Amino acid sequence: KRPGAAKANLGQLPPKADEHPMLAMINAEFAAAAEQPARVAELILRAAQWEPNLARIRKLFPLLARNRNWREIMTVNSSRPFETAEQALIAIEAAMHLNQPEVVAGLLTGALPCWSDDIRFMTPLFYLAVKQPGGRWETALAEHFMRSIIRADNPDILYPLFEKCFQLRRADLAWNLYLRLKAIDPAHPYLAMAVARYGNLWFTLRRQSVSMPSNFALETVDVRPLLRKVFASRQCGDLSRRIPLAVALAAENVEVVRRDHLRQALAAFSRRDNEGKLSLSMRYEYVLAMEMADHVEEALGQLKSIAHTHPGEASTVQIRQGEIYKRRRDWQKTYETLRNYPWQSNLELTPLTMLCEAQRSLMLNLPALFTAMTAYREFPDSTQARAMLADTLQAVQCPEEALWLLSRKSIRPNRDLEIVKAEALFATERYMECS
C-alpha cells in the first residue's frame, strides 16, 4: 500500500540482503514498476531459488519478453501449470526463440487442454508441425485450428493463418478459413486478398494426402487438371460447394482469377479507407495489395500515412518500406531506408538480414559485417543469424573466423549452415573435410 516507504526500508538493509530469494522477488517487482528489465532479469534468477515465488515471477514474464530475456524466462520456469494463457505463450515463445522444440512440445502438452480453442496457440503448433510434417503435432494443429477459428470472430486475427496453411501445404485448412471469414463478413477485403495472394496454391496438395507416392513429406501435386475433368463430367457432387471458388481456381489460367480478385481487394480496401473503417492490420495489407498491383508510389504513400497517424509504428513502417524496395531489388533504396536500423531498440532479425544483403549487393562488405555481427549478438540462437555472419566473414576474406564461428558450439543441423561451412572449408583448403 505504501511502496515508497517499503522501498526506503529495503534500502536500509545490508548490501547482500537481496541475495535472499524473498527480498530478490520484492526488488524485482520494484524494478519492474520502474521499467528496468535488465535488473528484473538479474533478480528473478535469485528469486526463483524459492519455489513459492514462481507465480509472482511469471507475472513479470511480459516485461521480460518485451526485452527478449528468453534465457532468463526458460531458466526460472518450472513444470507447474500456468495460471494464464499469456504466461504459457510467453514461456513457449522463449523456448521457440532458443530453438528448443522438445521444450515447446512439453509446454504445449500441458497448456492445450486448458486453452483448447485459443487461436494464439496456432503459432507454436505450426512451429512444431513444420518440423515434422504429417506427425502428431500436425494432427493437433488441424484439430486446434478447426476449434479456434469457430470461436474467433476478428478477421485481423484469422487472416494471417492463410500463410501458415499454405506453408504447411494444407489447402484444406485454408478452405475452411476462407469459409469462416466469409461467414463473419462476406464483403471483407481479406477474402479477395487471400485469393490474390494464394490462388495459385489453392489446389496444391501433398502427394501423400491424395495417396500418391512421394519422396519427402511436403512433396506436392497440382490437382487442378483432375478437378477440371471432374467438373466437366458433372460428377462432382457437392465438391464445388464445399471448396470455395473451386471451379474458378481450378481453371488452367488461374492468374486471371488472381488479378481479378486483386482488383476486387483494392476496391474493397479503398471503400473502407474512405469510410475510415480500415484497421491497422488492414492498412498494411492494403499497402501489399497496392504493391502487388504495381502501384508502388501509392503503397509508399499509405505507409507514410500510417507513420503519421500511428507514431508508434515508425519502426514497422521503416521495415515495410525496406521490404518493398528489396522485392524490387532496389538495393540502394533498401540500404538508405534501413541503414540506421541497427541502432534502434528491440531489433528484429528480418530487417537486419535485408540490410546486410543490400550492403553486400552494394559492395559495402565492412558495414555488412557490422550488421551481421549485430544480428548475431542480438539473436545468438538463430541459425539464420549465424549463417549470415559466417557468410559475411568469408566475403571479407576471413574464412578461418567463419569456421571458428560455425564450430563454436553444438547446434542443430541446418542446411544453410552446412553450405556456408562447406564453402569455408574449401576457402581454407581443407578439401578432405569439405568432401
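Predicted model: local features only at pLDDT ≥ 70, side-chain atom pairs only at ≥ 80, totals over all residues.
Residues are numbered from 1 along each chain as its sequence is written, and side-chain values use heavy atoms, with hydrogens and water left out.

Reader: What percentage of the 435 residues counts as buried?
Author: Buried means under 20% relative accessible area, exposed means over 50%, and partly exposed lies in between (1.4 Å probe, protein chains only). Of the 435 residues of the protein chain, the buried share is 47%.

Reader: What share of the contacts joins residues 24 or more positions apart?
Author: A contact means heavy atoms within 4.5 Å. The total here takes contacts in the protein chain with a separation of 6 or more. Residues 24 or more positions apart account for 57%.

Reader: How far apart are the end C-alpha atoms of α2?
Author: The expected span is 1.5 Å times one less than the number of residues in the helix. For the 13 residues of α2 that gives 18 Å. The end C-alpha atoms agree, at 18 Å.

Reader: Which residues of α2 are buried?
Author: An α-helix has 3.6 residues a turn, so residues three or four places apart point the same way. In α2, the buried residues are P21, A24, M25, N27, A28, F30, A31 and A32.

Reader: What covers the buried residues of α3?
Author: Helix α3 spans residues 37–47, and its buried residues are P37, V40, A41, L43, I44 and A47. Their cover includes α2 (21–33), α4 (54–58), α5 (61–66) and α6 (70–76).

Reader: Is E35 buried or exposed?
Author: E35 lies in the loop between α2 and α3. E35 is not a glycine, yet has a positive phi of about 55°. With a relative accessibility of 51%, E35 counts as exposed.

Reader: What is the phi of N99?
Author: N99 sits in the loop between α7 (85–97) and α8 (101–111). At 21% relative accessibility, N99 counts as partly exposed. N99 is not a glycine, but its phi is positive, at about 55°.

Reader: Which residues does N200 touch?
Author: N200 is in the loop between α14 (189–198) and β1 (204–206). N200 is partly exposed, with a relative accessible area of 32%. D222 is 22 residues away from N200 in sequence and 9.4 Å away in space, C-alpha to C-alpha. Not counting residues up to four places away in sequence, N200 touches V254, E255 and R258.

Reader: How is α20 oriented to α21?
Author: Axes are lines fitted to C-alpha atoms, for helices over the stretch in contact, and angles run from 0 to 180 degrees between N-to-C directions. Angles under 35 degrees count as roughly parallel, over 145 as roughly antiparallel, 65 to 115 as roughly perpendicular and the rest as oblique. Helix α20 (residues 296–309) and α21 (residues 314–327) pack at about 170°, with axes 10 Å apart. That makes the pair roughly antiparallel.

Reader: Which residues of α21 make the contact with α20?
Author: From α20 come V296, A299, L300, L303, K304, I306 and A307. From α21 come V317, R320, Q321, I324 and Y325.

Reader: What is the handedness of the crossing of α22 and α23?
Author: Helix α22 (residues 331–338) and α23 pack at an angle of about 130°, with axes 9 Å apart. That makes α22 oblique to α23. A crossing is left-handed if the near helix is turned anticlockwise from the far one by less than a right angle, and right-handed if clockwise. The crossing of α22 and α23 is left-handed.

Reader: How is α23 oriented to α25?
Author: Helix α23 (residues 349–361) and α25 (residues 383–395) have axes 11 Å apart. Their packing angle is about 15°. They are therefore roughly parallel.

Reader: Which residues of α25 meet α23?
Author: The α23 side consists of L349, L352, T353, C356 and R360. The α25 side consists of Q384, A385, M388, D391, T392 and A395.

Terms used:
Helix = DSSP H or I, 4+ residues; strand = E, 2+ residues; numbered from the N terminus.
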